[in-house]
Amino acid sequence: FINSANDWNNTKEKKLWLYNLHYFDDLNSFGSSERRSLQLQWINKWIDENTVVDGGNGWEAYTLSLRIVNWTKAILSGLKVDDKILNSLAQQADYLSQYLEKHLLGNHYFVNLKALLFAGCFFEGKYADKWLVIALKDYKKELKEQVLNDGGNFELTPMYHAIMLTDLLDLYNLFCTYPAKIPKDIVLETQRTIVKMFTWLDVMSHGDDRISFFNDSAFGIAPENNILREYASKLGFEVASLELSSDTLSLYNLQNTGYVSVKTSELSLIADMAPVGPTYQPGHAHADTLSFELSINKYRIFVNSGISEYGVGAERLRQRGTAAHNTVEINGLNSSEVWSGFRVARRADIGNRVVGKITPKQSIQFSAAHNGYKKQGVNCIHYRTWDVSLDNCIITDVLQGKFNSAMSTLYLHPDVCVIKQSNSEVELKVAEFVVQLKITNAEIDINESTWHPEFGVVIKNKKLCFKFKGNTMRINISWKQKTSTILAL
């Protein structure tokens with residue numbers, strides 16, 4: 001792909017693809033030690049063909065930050081470099097220190113600080129000391145700002161949560177390597193934050209031990225959960241898994257980030273009763289208020305649609321829209337007004353949030369409402385209640401107010417087959433599990449759709465569409481394990 005210097009900034013390619021050319025993630029990937037000679041060739045090629053005078057994608061603060069960390073980690077892990085590379089690395093750090101992304105904040109600003117911490121620890125001298133002072137000035141403040149008390153990243157996306165957890169593990173590793181350069185209170189705060197972030201990650205993951213798809217989330221960007229645990233273990237952390245049983249429901253009310261999860265060793269239901277995101281930086285938010293995902297054992301049943309691209313195109317907008325999630329769309333609108341690639345205007349507010357009510361049947365009930373459609377001129381509030389037991393979940397949607405049309409959607413994981421359908425029932429199967437849905441007060445339709453578990457990936461799946469016949473609609477979902485073979489129609 002890189003045939004000439006111009007290809008690093010080829011305007012015919014998407015920005016995200018071009019950014020990845022400048023990160024140098026391969027330096028710290030599995031098996032990277034076997035490619036050191038080739039990697040050094042590319043590092044030197046980058047230096048020769050990406051001068052600060054010419055600028056370009058490689059000199060934007062975000063790409064600088066990721067590359068500075070990747071180069072430094074590789075050198076500390078044994079990559080043999082010369083003065084040309086070290087001088088370039090120092091130049092990049094000094095340039096970054098003058099162009100921090102304070103206008104964006106969020107994960108961009110945090111990785112800027114991470115890069116300066118790495119460069120400030122790695123190098124010696126007055127410039128390195130200056131980078132450390134700049135980074136330490138805001139590090140603790142941003143850590144408390146961006147990781148809420150329940151352990152979740154404030155951008156409310158499991159993918160970026162796992163990315164930031166990786167950042168903190170890297171930083172803790174760095175702090176242990178250079179103990180004299182980092183104040184002890186910074187080290188302790190980082191340590192405490194890592195522990196609570198692991199708990200949030202477990203709560204927001206499914207039985208396959210992978211993240212759920214709320215807001216901008218996809219596989220293949222952040223390290224997998226098991227890799228993060230292994231990394232933490234090598235750093236001396238004891239990361240305990242959730243204690244789950246097969247015959248007891250465990251309720252997790254993540255009050256600060258807003259999510260709710262009900263789990264057993266066989267069940268994982270994760271519901272979005274969260275705000276849209278940070279008020280000043282909702283760039284990774286979707287219009288997915290009151291959506292949910294459900295898995296049985298290690299099998300995902302209902303999935304949000306995921307993301308396959310960034311940018312400002314129609315597909316990016318569709319994937320962020322309400323209709324791409326397991327929730328209710330009214331009058332063909334989005335519950336929050338997502339626009340452009342990373343913008344949100346009129347946003348849904350969560351209200352009437354009640355969690356943990358125990359019903360006479362010993363199930364767990366929780367509910368919430370949002371006013372997103374009212375903000376866009378439709379005088380209607382969406383209320384949703386979940387009533388969860390060991391082998392059943394009843395979802396009740398109430399639309400309070402006037403509307404022209406309303407549609408609830410459930411997206412099926414590609415491995416889930418539809419084996420029966422009638423006017424009021426749908427039967428599904430995945431592996432040895434059968435899932436039955438009984439629908440009240442809605443017309444049922446089953447349509448072809450797509451799932452996007454990774455960037456650039458499109459997988460065919462099906463979606464169940466429920467058109468409201470009135471103001472209230474109910475879906476009764478039950479599941480059981482079945483050993484006999486059922487053929488998909």
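Between which two strands does the loop holding S265 lie? Select S265 and look: the loop runs between β2 and β3. Helices (H or I, at least four residues) and strands (E, at least two) are DSSP runs, numbered from the N terminus.

Before going on, note what is on screen. This is a predicted model, in which local features need pLDDT of at least 70, side-chain atom pairs count only at pLDDT 80 or more, and totals for chains, interfaces and linings use all residues. Residues are numbered from 1 along each chain as its sequence is written, and side-chain values use heavy atoms, with hydrogens and water left out.

**Stop 1: around S265**

Stay on S265. It is partly exposed, at a relative accessible area of 37%. Here buried means under 20% relative accessible area, exposed means over 50%, and partly exposed lies in between (1.4 Å probe, protein chains only). Now show the contacts of S265, meaning heavy atoms within 4.5 Å. Leaving aside neighbours within four places in sequence, S265 meets L244, S245 and S246. S250 and S265 are 15 residues apart in sequence, and their C-alpha atoms are 9.5 Å apart in space.

**Stop 2: the five-stranded sheet**

Select β1 to β5. These 5 strands form an open sheet, in the order β1-β2-β3-β4-β5, with antiparallel pairing. Two strands pair if DSSP finds at least two bridges between them. The edges are β1 (250-253) and β5, each pairing on one side only. From one strand to the next, the twist averages 15 degrees. Axes are lines fitted to C-alpha atoms, for helices over the stretch in contact, and angles run from 0 to 180 degrees between N-to-C directions.

β1 pairs with β2 (residues 259-263) over 4 bridges, in the antiparallel sense. Pick N253: V260 in β2 stands opposite.

β4 (residues 292-296) and β5 (residues 299-302) are antiparallel and share 3 bridges. I296 has Y299 of β5 as its bridge partner. The two strands form a hairpin with 2 residues between them. Click N297 in that turn: its phi is positive, about 60 degrees.

α8 lies across β1, β2 and β3 (267-272), and runs at about 65 degrees to β2.

**Stop 3: helix α5 and the cysteines**

Select α5, residues 106-122. This helix has 17 residues and reaches 25 Å from its first C-alpha to its last, close to the 24 Å expected at 1.5 Å a residue. The expected span is 1.5 Å times one less than the number of residues. Of its 17 residues, 16 are buried, so α5 is mostly covered.

Next, color the cysteines. How many disulfides does a search of the whole structure find? The search finds 0. A disulfide is counted as a pair of cysteine sulfur atoms within 2.5 Å. C121 is in none, and its nearest cysteine sulfur, in C176, is 11 Å away. C121 is buried, at 0% relative accessibility. C176 is partly exposed, at 44%.

**Stop 4: the nonpolar cores**

A nonpolar core is a set of buried Ala, Val, Leu, Ile, Met, Phe, Trp, Tyr and Cys residues joined through side-chain atoms within 4.5 Å. The largest one has 74 residues. Select W71, L117, Y139, L171 and F175, which have the most contacts inside it. Helix α7 (residues 158-177) gives the largest share of this core, 11 residues. Zoom in on F175. Beyond four places in sequence, F175 touches L117, Y139, I182, I186, V187 and T190. Apart from this core lies another, of 47 residues, including I330, V388, L399 and F468.

**Stop 5: the eight-stranded sheet**

Here 8 strands form an open sheet, ordered β9-β10-β11-β12-β19-β16-β15-β14, and the pairing is antiparallel. Its edge strands are β9 (350-358) and β14 (417-421). The twist averages 15 degrees between one strand and the next. Select β12 (residues 392-401) and β19 (residues 472-481): 7 bridges join this antiparallel pair. D397 stands opposite M473 in β19.

**Last stop: N50**

Select N50, in the loop between α2 (36-49) and α3 (61-76). Is N50 buried or exposed? N50 is buried, with a relative accessible area of 2%. Not counting residues up to four places away in sequence, N50 touches W8, N9, H22 and W59.
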